[in-house]
Amino acid sequence: MKRILKWIAATILLALILSIFAGFIAYWRSTSECDRKTVPSNPMKAIVQCEYGSPDLLKFEDVEKPVPNDNQVLIKVRAASLNFIDAGLMRSPFLLRLMTGGLRKPKKTELGSDVAGQVEAIGKNVTQFKPGDEVFGLARPSLAEYVCARERALVIKPANVTFEQAGSVGLAGLTALQGLRTGKIQPGQRVLINGASGGVGTFAVQIAKSFGTEVTAVCSTSKVDLVRSIGADHVIDYTKEDFTKSEQRYDVIYDNVGNRSRAERSRILTPNGICVLAGIGGAGPHEGQLSRIGGGYKAFLASRFSRQKFQMYRTTTKQEDLAVLRDLMATGKVTPVIDRTYKLSETAEAMRYLEQGHARGKVVITVEQDEQASLSR
Ligand SMILES: NC(=O)c1ccc[n+]([C@@H]2O[C@H](COP(=O)([O-])OP(=O)(O)OC[C@H]3O[C@@H](n4cnc5c(N)ncnc54)[C@H](OP(=O)(O)O)[C@@H]3O)[C@@H](O)[C@H]2O)c1
C-alpha cells in the first residue's frame, strides 16, 4: 500500500514538474504576428499591438489589407468604437492570456470589434449585401482602414444615422439589449441601471425606455443631465446618494458596474426581481476587478436557490438583434451618445481616455476619408 501511495505521489510530482516546464516553454515560445512581419504587398493602415501593456504600445502601422473569403464582406471602415474588451485585450491579465493563447505576446495583434462603413467587396456566397452598401455591426479587427465581416454580423445602416453613430453601436448596443432581455424586462416594470452614463449604459437607458419601462439611472454628478436627456425617468447621483439604501424596489437591476454586494442589491429588488450583471467596475483593468468577478459568480450561484435571480450573460453576435438596434435608431427611439471622436491614428489617446472608466457614452474612432484617399495615391 505504502509503495502504491509513493508511486502515485511521485507521478503527481513528475506531472507537476512537466507541466510547469511545458508552461515555461509555451510562455517563451509564444510569438505574435509582429514577429513574422513582412512588408505588406497591399498595405492599409491599422492599429497594431505587438506587446501587452499600456496604450503607449499601440502603433499606427501598415499591415496587409484583408481579402474576404467566400462568406465574408470587405468593409471600408468609416467608424469604429472602443470597448471595455479592447482595453482588456490590450493589457491582458494572465487569465485572459490563457484564453487567447498569447501568453507572452498577443497572438492577435490588431484590435476593435465595432464597425460602420461601406461594403467594398463581397465573397461569392454573400447574398444580403452588395458593394456600396452602408453597413454597421461587428467585425474584428475593426481599428483599421478595412475589415472583413461575416454577413450575419452586419445590417444596413439607416439613412438618418451617421457612420460615427452606427460605428458605436455593435458590442455596447448588443450588450445592453441582450442584458435587458436576460432581465426579462416587461412594459410597466421598474428598471434600475447602474453605470447608466457609459457606452453600454446610455444604450441600456434608451432601450429600456423603448420597452415601456420606468427607468432609474445611476451615474455621477456631471452626467445627471445627460442621462435625463436620453429618457431616464429618475436619476440617482451616486456621489450624493446610495441607491441600495432607497425605499424603492426594482423588478430589474441592470448592473454595469458590479460594485455592490449581493445583499445590497437584493434589498432593492422585488421578491421575484432579476439583477443582471453586465460589468465588473467600469472600463479598463483595475484593482479589485477579479474579486468583483468572483463576487458576481457567487451571487449568481447563491441566487439559484432564491426567487430573486442574479444573472450573468455573454454578449453574442446576432443579426436579428442588430436589426432591432437598427430599427430603434431608424425610428429615433435610440440615438447613440458619442462622447469623443478620435482619428484612427489617435487610437492610443482614445484608449487612455476610455481606461479612465468615466466616458459619457461611446468613444468613437473615425477613419478619415482623406486618410484613405492619401493611402490609395
Ligand atoms: N456581459 C458582457 O458580455 C459585456 C460586454 C461588454 C461590456 N460588458 C461590461 O459592461 C461594463 C460597462 O462597459 P462600458 O463600455 O459601458 O464602460 P464605460 O463606457 O467605460 O462606462 C463605465 C461606466 O461606469 C460608470 N461608473 C464608474 N464607476 C462607477 C461607480 N462607482 N458607480 C456607478 N457608476 C460608475 C461610469 O459612470 P460615471 O462616469 O458617471 O462614474 C460609466 O458610465 C464593463 O464593465 C464591461 O465589463 C459586458
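Me: How many helices and strands are there in the protein chain?
Reply: Helices (H or I, at least four residues) and strands (E, at least two) are DSSP runs, numbered from the N terminus. The protein chain has 12 helices and 15 strands. This is a predicted model, in which local features need pLDDT of at least 70 and side-chain atom pairs count only at pLDDT 80 or more, while totals for chains, interfaces and linings use all residues. Residues are numbered from 1 along each chain as its sequence is written.

Me: What share of the residues in the protein chain is buried?
Reply: A residue is buried if 20 or more other C-beta atoms lie within 10 Å of its own, exposed if 12 or fewer, and partly exposed in between, with C-beta atoms placed from the backbone. Of the 377 residues in the protein chain, 44% are buried.

Me: Which residues have the most contacts inside the largest nonpolar core?
Reply: In soluble globular proteins, nonpolar side chains tend to be buried together. A nonpolar core is a set of buried Ala, Val, Leu, Ile, Met, Phe, Trp, Tyr and Cys residues joined through C-beta atoms within 7 Å. The largest one here has 97 residues, and those with the most contacts inside it are Ile-75, Val-115, Ala-149, Ile-193, Ala-204, Val-205 and Ala-217. This core draws at least three residues from each of domain 1 (34-169 + 336-376) and domain 2 (172-311), the bounds coming from an automatic or database domain assignment.

Me: Which strands pair with E3, and in which sense?
Reply: Strands of a sheet pair through backbone hydrogen bonds, either parallel or antiparallel, and two strands are taken as paired if DSSP finds at least two bridges between them. Strand E3 (residues 72-81), in which nine of the 10 residues are buried, runs antiparallel to strand E6 (residues 146-150) with five bridges, and Val-73 has Ala-149 as its bridge partner there. With strand E4 (residues 114-122), E3 pairs in the antiparallel sense over six bridges, where Val-77 is partnered by Gly-117. Three bridges join E3 to the antiparallel strand E15 (residues 362-366), in which Val-364 stands opposite Ser-81.

Me: Which residues does Ala-149 touch?
Reply: Two residues are in contact if their C-beta atoms, placed from the backbone, lie within 7 Å. Not counting residues up to four places away in sequence, Ala-149 touches several residues, among them Val-73, Ile-75, Val-115 and Leu-154.

Me: Is the pairing in the six-strand open sheet parallel or antiparallel, and which strands stand at its edges?
Reply: The six strands form an open sheet in the order E10-E9-E8-E11-E12-E13, and the pairing is parallel. Strand E10 (234-237) and strand E13 (309-312) stand at the edges, each with a single partner strand, so one side of each is left without a neighbour in the sheet. Strand E9 (residues 214-219) is joined to E10 by four bridges, with Asp-237 in E10 as the bridge partner of Cys-219.

Me: Is Lys-130 buried or exposed, and where does it lie?
Reply: Lys-130 lies in the loop between E4 and strand E5 (134-138), and it counts as exposed because it has 11 C-beta neighbours inside 10 Å. Leaving aside neighbours within four places in sequence, Lys-130 is in contact with Val-119 and Ile-122. Lys-130 and Val-73 are 57 residues apart in sequence, and their C-alpha atoms are 8.7 Å apart in space.
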